[in-house]
Amino acid sequence: MVAAGFKPVGRDFPVFLHPDTHEEYALARSERKSGRGYRGFTVYSAPDVTLEQDLARRDLTINAMARAPDGTLIDPFSGKKDLQDGVLRHVSEAFAEDPVRILRVARFAARFRFRVAGETLALMRRMAESGETGHLVPERIWQELARGLMEPYPAEMFSVLERCGAAARLLPELRVDHPSLERVAGRTVGAPLAVRFAVLMWKLPEAALRSLCDRLKVPSEERELALTACRCRPLLAAASPAALLELLKRADAFRRPQRFAQLLQAARLAEPDRETARIERAFAAAAAVDAAAIARRTSLSTQIPALLDREREQAIAAALSS
């Protein structure tokens with residue numbers, strides 16, 4: 001492959017990119033479990049490995065099909081039928097050798113809303129109970145969770161993880177609000193990942209949220225919005241101008257208006273009865289206050305914050321009374 005100009009891209013697997021089209025080509029391979037976790041494999045790739053042997057090592061029957069050059073379907077594990085029936089079924093007991101497959105099955109459920117075959121769910125449960133999920137690296141867990149959150153049916157992912165016992169081991173702090181997750185993927189919503197993650201974490205105390213984010217190495221954008229929501233949640237029902245101003249300051253709304261808008265979107269999704277129009281009017285009025293003009297009215301810089309707060313509070317009061 002290298003002599004033909006293909007570029008190897010798989011450190012552990014024989015995967016190559018075409019020199020012109022950059023299409024991905026993978027050689028038939030077989031694998032042997034040689035350690036714990038999803039990296040504990042010895043890979044063998046040679047001309048004597050058959051296509052059927054390669055397909056036998058795939059995770060699910062719907063991923064274990066191929067086409068011959070003449071178009072004939074090669075389907076040794078009845079993947080076509082499972083695809084038609086909407087079933088996620090493991091190919092063989094080798095499925096249990098890679099704990100990432102638990103997350104992948106859950107993610108496929110979130111993408112297609114397929115049901116997990118009973119025997120596959122039982123195998124996933126045994127894998128979780130054996131502690132195999134403890135060998136997953138945090139970055140891989142986050143990668144699969146993030147992908148699942150962006151699928152059309154993210155609640156399905158967590159339903160599968162709960163039923164097989166993996167959620168209790170990977171996300172012990174979390175109690176998932178399934179209706180909220182269903183709302184984040186609605187056709188009229190299309191919420192970004194940071195908002196979806198904030199909704200997922202909505203009811204979590206700050207200490208537990210920090211623990212989860214640290215453990216999974218959650219990226220800063222998603223982490224910051226979730227933490228902001230955690231700190232601001234008690235003030236979302238604020239009624240007085242002073243309390244509304246405190247919400248805006250705590251959310252850093254004047255410096256981060258886009259993130260503040262995402263916070264309000266997360267609030268509406270997590271709490272469907274939540275009315276944010278009052279908060280939005282308060283923010284618009286407070287943001288319109290000319291801070292530079294206030295600074296010019298005093299020679300003492302230490303007085304500026306208090307003067308600015310007073311005028312913003314007055315602006316909020318005027319906006320809400322009109």
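Trainee: Where in the chain is Thr61 placed, and between which elements?

Mentor: Thr61 is in the loop that runs between helix H1 (51-56) and strand E6 (66-67). Helices here are DSSP runs of H or I with at least four residues, strands are E runs of at least two, and both are numbered from the N terminus. Before going further, keep in mind that this is a predicted model, where local features need pLDDT of at least 70 and side-chain atom pairs pLDDT 80 or more, while totals for chains, interfaces and linings use all residues. Residues are numbered from 1 along each chain as its sequence is written, and side-chain values use heavy atoms, with hydrogens and water left out.

Thr61 has a relative accessible area of 2%, so it counts as buried (under 20%; exposed is over 50%, partly exposed in between, with a 1.4 Å probe and protein chains only). Setting aside residues up to four places away in sequence, Thr61 touches Phe77, Gly79, Asp82, Arg89, His90 and Val91; contact means heavy atoms within 4.5 Å. Another loop threonine, Thr50, sits between strand E5 (41-44) and H1. Thr50 is partly exposed, at 33% relative accessibility. Its C-alpha is 9.0 Å from that of Ser30, 20 residues away in sequence.

Now the cores. A nonpolar core is a set of buried Ala, Val, Leu, Ile, Met, Phe, Trp, Tyr and Cys residues joined through side-chain atoms within 4.5 Å. The largest one has 84 residues, and those touching the most other members are Leu88, Phe158, Leu161, Phe197, Leu200, Met201 and Phe260. The biggest contribution to this core comes from H3, with eight residues. There's also a second, separate core of five residues, including Leu55, Ala66, Ile74 and Val91. Val91 is one of the contacts of Thr61.

Elsewhere, take helix H4 (residues 118-129). With 12 residues at 1.5 Å each, H4 should span 16 Å, and its end C-alpha atoms are 17 Å apart, which agrees (the expected span is 1.5 Å times one less than the number of residues). Thr120, Leu121, Leu123, Met124, Met127 and Ala128 are the buried residues of H4. They cover an arc of only 160° around the axis, so they lie on the same side of H4; the arc is that of the directions from the helix axis to the C-beta atoms. Those buried residues pack against strand E8 (87-88), helix H3 (100-112), strand E9 (115-116), helix H6 (154-164) and helix H7 (166-170). On the face turned away from them, H4 carries the exposed Gly118 and Glu129.

H6 has its own buried set: Pro154, Ala155, Met157, Phe158, Val160, Leu161 and Cys164.

Last stop, helix H11 (residues 220-232), which holds Ala226. Ala226 is buried, at 4% relative accessible area. Not counting residues up to four places away in sequence, Ala226 touches Phe197, Ala198, Met201 and Leu209.
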